[in-house]
Amino acid sequence: MKTMFASCAAALLLAAVVPGASAQILIGQSADLSGPVSASVKETILGSQLVIDQVNAQGGINGEQVEVIRLDDGLDAKRSLENTRILIEDKKVVALLLNRGTPNTIAVIPLLDKYGVALVGPSTGAMVLHKPLQKNIFNVRSTYQREAEKAVQHLQTTGIQRIAVVQADDSFGKDAMEGANKGFEKANLKPAVVALADRSKPDYAAIVPQITKANAQAVLWIGSGTAVTEGVKALRTAGSAAQIITLSNNAASGFIKELGSASAGVIITQVLPYERSFGHPMIKEAMALAKAKGQNELSPALLEGFVATKVLVEALRRTGPKPTRAKLIATLNSFQYDAGGGVEVTYSPTDHSGIDYVDLSIVSEGRFKR
């Protein structure tokens with residue numbers, strides 16, 4: 001794992017190209033490289049870079065080298081908007097890839113629509129990006145609503161009745177809460193308590209007592225990065241042994257590292273096959289590329305970057321030489337692709353949902369396990 005994270009600095013640079021060649025296909029990404037979810041984003045970039053480096057080493061896409069221009073937005077939606085403007089207007093990127101955050105992605109939709117630029121694989125499961133159809137957004141991962149619904153149902157099947165929810169007080173939190181409510185309804189339960197939390201600076205002194213007073217057996221914690229890890233630690237300090245479930249936006253080794261000793265028993269939903277299923281074709285492919293770079297482990301966040309970038313690369317390949325924004329979108333609107341081992345990504349003019357897959361993994365001793 002140390003080797004993997006030592007590679008992060010290199011991965012954050014512009015995508016390497018073959019010596020002597022210049023990049024002809026420019027892709028843009030605005031994401032949090034320095035803020036509360038930067039650990040997860042850096043792992044996602046590692047996975048993305050495995051694909052880009054392999055493509056360029058093999059001569060590029062239809063003979064054209066690929067470069068990813070990455071700009072830091074610190075998970076701030078206003079910065080995401082300005083970064084996206086720069087990438088589209090100034091850098092002339094042909095597409096955007098793996099932008100992070102629900103409010104951040106929603107903020108850039110007007111720019112995508114104005115210029116006709118595709119955003120492939122936004123690193124968010126917001127339902128608003130699926131329904132109603134966003135014509136220039138091509139999702140790869142499943143929705144937060146599906147994850148939250150399945151999380152509540154899982155807890156109920158284990159006999160847990162008193163389930164608290166900590167909900168980020170933003171568009172991401174409200175979206176995931178809709179799925180949680182569906183889960184509660186199907187389980188014939190009501191939340192023991194719903195505590196709202198500021199997106200980046202939750203008031204744990206107010207949140208934790210609500211959970212302990214409700215004697216919650218489990219907590220569905222809808223939040224991101226350090227806002228969740230610090231909350232779990234505060235809950236443990238208060239003496240609560242409640243089971244914790246959080247969503248796939250936290251499915252990263254960096255998140256587990258931040259949890260430290262508080263990681264035992266935490267459950268994280270996942271939206272791609274288990275990264276330790278070494279017989280799975282997708283996992284075998286990613287692991288082979290990672291090992292060639294001196295990285296000996298995969299993570300769910302790395303896989304998300306890996307798969308989303310494979311989708312974009314394949315779409316660019318099918319579009320043909322000198323791809324334009326409009327030609328790429330036309331290709332994506334009639335697209336079916338096996339990303340590995342039967343993990344199908346399908347788009348049509350009326351459906352840009354991508355992969356419908358949700359699973360759960362238990363975190364123990366800093367590792368993801370079934």
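I take contact to mean heavy atoms within 4.5 Å.

**Entry 1: Thr331 and its contacts**

With that cut-off I looked up Thr331, and, leaving aside its neighbours within four places in sequence, I found it in contact with Ala315, Arg318 and Thr319. Thr331 belongs to helix α13, residues 325-332, and I count Thr331 as buried because its relative accessibility is 16%. I also took one C-alpha to C-alpha distance here: Thr331 and Gly320, 11 residues apart in sequence, are 9.7 Å apart in space.

**Entry 2: confidence**

I note for everything that follows that this is a predicted model. The mean pLDDT of the protein chain is 90, and 91% of its residues reach 70 or more. I marked two stretches for caution: over residues 1-21 pLDDT stays under 50, although the model has 47 contacts beyond four places in sequence for them, and over residues 364-370 pLDDT also stays under 50, with 31 such contacts in the model.

**Entry 3: helix α8**

Which residues of helix α8 are buried? I find Tyr204, Ile207, Val208 and Ile211, within a helix that runs over residues 204-213. They cover an arc of only 90° around the axis, which puts them on the same side of α8. I then looked for what covers the buried residues of α8, and the cover includes the strands β6 (163-168), β7 (193-197) and β8 (218-222) together with α9 (226-237). Asn215, which follows α8, has a positive phi, near 50°.

**Entry 4: Met287**

I placed Met287 in helix α11, residues 281-292, and its relative accessible area of 10% is why I list Met287 as buried. Leaving aside neighbours within four places in sequence, Met287 is in contact with Phe278, Asn296, Glu297 and Leu298.

**Entry 5: cavities and a pocket**

How many cavities of 30 Å³ or more does the structure hold? I count 5, and the largest cavity has about 100 Å³ of space. Its lining is made of 13 residues, and those closest to its centre are Ser248, Ala251, Pro300, Ala301 and Glu304. The elements that give two or more residues to this lining are α3 (38-57) and α12 (300-319), and α12 gives the largest share, 3 residues. By class I record 5 nonpolar, 6 polar and 2 charged residues in the lining of the largest cavity.

The second largest cavity has a volume of about 80 Å³. I find 13 residues in its lining, of which Gly101, Thr102, Phe172, Arg199 and Ser224 lie nearest the centre, and the classes divide into 5 nonpolar, 6 polar and 2 charged.

The lining of the second largest pocket has 2 nonpolar, 6 polar and 6 charged residues.

**Entry 6: backbone exceptions**

Where does a cis peptide bond occur? I find one joining Lys131 and Pro132, with omega about -5°, and Pro132 has its place in the loop between β4 (118-120) and β5 (137-138).

Two further entries concern positive phi. Lys92, with phi near 60°, sits in the loop between α4 (77-90) and β3 (95-97), and I count Lys92 as exposed because its relative accessibility is 59%. Leu98 is not a glycine, yet its phi is positive at about 60°. I place Leu98 in the loop between β3 and α5 (102-115), and I list Leu98 as buried because its relative accessible area is 2%.

Notes
Residues are numbered from 1 along each chain as its sequence is written. This is a predicted model: local features need pLDDT of at least 70, side-chain atom pairs count only at pLDDT 80 or more; totals for chains, interfaces and linings use all residues. Side-chain values use heavy atoms; hydrogens and water are left out. Buried means under 20% relative accessible area, exposed over 50%, partly exposed in between (1.4 Å probe, protein chains only). Helices (H or I, at least four residues) and strands (E, at least two) are DSSP runs, numbered from the N terminus. The arc is that of the directions from the helix axis to the C-beta atoms. On a 1 Å grid over the protein atoms alone, a cavity is a set of points where a 1.4 Å probe fits but cannot get out, and a pocket is an open set with protein on both sides within 12 Å along at least five of seven lines; lining residues have an atom within 4 Å of a point. Grid points are joined across faces, edges and corners, and a volume is the space filled by probe spheres set on the points. Ala, Val, Leu, Ile, Met, Phe, Trp, Tyr, Cys and Pro count as nonpolar, Asp, Glu, Lys and Arg as charged, and the others, Gly among them, as polar. pLDDT is the predictor's confidence in each residue, from 0 to 100.
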